[in-house]
Amino acid sequence: MLPCVCWLQLILILLSSALWTRGENCPVACLCPDPHTVDCRGRGLTRLPNEIPLDVRRLLLADNWIPRIPSDFLVLYSDLVYLDLRNNSLSSIEPGTLSTSSRLVFLDLGSNNLTEIPTGTFGESRSLIKLRLGNNPYLSMVSEDAFTGLTSLRELELERNALSTLQVGALSQLPSLRAVRLEGNPWLCNCNFANLFTWLMENSHKLPNGVEGMECSLPMDGRRVSLTQLSKESFRECQATLTLTDLLIIIFSGISVSVVAIMTSFFLASTVHCFQRWSKGTKGDEEESEE
């Protein structure tokens, strides 16, 4: 009987020790419902909490006042798969901050103060499946290479931001994309929007609400119209619009043609001059031979 009691006491000691350790590792003012989850939602935090367990997998930081993420924040948290930073005060994400998050699957940066998504923001987060960037009222620029490397991304949310245009390359480089939300942005129906419009028509099945939920402003009077009222013919005049690349090609071609023409003229003039001198020399020899 005594050995059984000793084993029971040992088990109780180990359990209490594990529970005590878990409580000690949990950041102050946060909850840790399981050994791999840290829940700090709605705690009025103005910075990231200290003493986050290194083996955390789900980190919930929504509904706080966090203004920035240190660029080396995720270096130590290689097991992190779920990061919720929704409804904070983030104004930017430094390039490279998320480059070490090799296991990150879910990232929510919605309802912040982001202004742009530059190249390299997400590094090579090849495991990322869902990315939320909606409801950032100052987000007006997304780089064409902003999502490079996100080969597993299936869901992208960019709704209700300040986007008036978006390069198609930002979307076409996402081979696993299944759903994208773009409604609620102040899209401008100009020639810069033409390629995106074509992409939307061809990929309307990836829009949860279809194109019915999207509008754009006409460049002439600012009147907003539904994309369902537009067609490729609406952007017919844009086909004759020259891009900067087209202009450079034309300029370079003109210079090349001019150089070739000058060299050809010089060659012809030299040939004619040599021929004339040869002709005079031949006539002179004939006259001397006659004498």
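A pocket here is an open set of grid points with protein on both sides within 12 Å along at least five of seven lines. The views below come from a predicted model.

**View 1. The second largest pocket and its lining.** This pocket holds about 170 Å³ of space. Sorted by class, that makes seven nonpolar, one polar and three charged residues.

View 2. Eight strands line up in the order 1-2-3-4-5-7-9-10, with mixed pairing. Strand 1 (31–34) and strand 10 (179–181) sit at the edges with a single partner strand each, so one side of each has no neighbour in the sheet. From one strand to the next, the twist averages 5 degrees. Zoom in on strand 5 (residues 106–108) and strand 7 (residues 130–132): they run parallel and are joined by three bridges. Phe106 has Lys130 as its bridge partner there.

**View 3. Two of the aromatic pairs.** The structure has six aromatic pairs. In one, the ring centres of Tyr82 and Phe106 are 4.2 Å apart with planes at 10 degrees, so the pair counts as stacked. Tyr82 belongs to strand 4 (residues 82–84) and Phe106 to strand 5, so the pair ties together parts 24 residues apart in sequence. Tyr82 is partly exposed at 24% relative accessibility, while Phe106 is buried at 11%. Phe197 and Phe235 make a tilted pair, because their centres are 5.2 Å apart and their planes meet at 40 degrees.

**View 4. An aromatic cluster.** Trp187, Phe193, Phe197 and Phe235 gather into one cluster. Phe197 is buried at 0% relative accessible area, and Phe235 is buried at 7% relative accessibility.

Terms used. Residues are numbered from 1 along each chain as its sequence is written. This is a predicted model: local features need pLDDT of at least 70, side-chain atom pairs count only at pLDDT 80 or more; totals for chains, interfaces and linings use all residues. Side-chain values use heavy atoms; hydrogens and water are left out. On a 1 Å grid over the protein atoms alone, a cavity is a set of points where a 1.4 Å probe fits but cannot get out, and a pocket is an open set with protein on both sides within 12 Å along at least five of seven lines; lining residues have an atom within 4 Å of a point. Grid points are joined across faces, edges and corners, and a volume is the space filled by probe spheres set on the points. Ala, Val, Leu, Ile, Met, Phe, Trp, Tyr, Cys and Pro count as nonpolar, Asp, Glu, Lys and Arg as charged, and the others, Gly among them, as polar. Two strands pair if DSSP finds at least two bridges between them. Helices (H or I, at least four residues) and strands (E, at least two) are DSSP runs, numbered from the N terminus. Axes are lines fitted to C-alpha atoms, for helices over the stretch in contact, and angles run from 0 to 180 degrees between N-to-C directions. Rings of Phe, Tyr and Trp (its six-membered ring) pair if their centres lie within 6.5 Å; planes under 30 degrees apart count as stacked, over 60 as edge-to-face and the rest as tilted. Buried means under 20% relative accessible area, exposed over 50%, partly exposed in between (1.4 Å probe, protein chains only).
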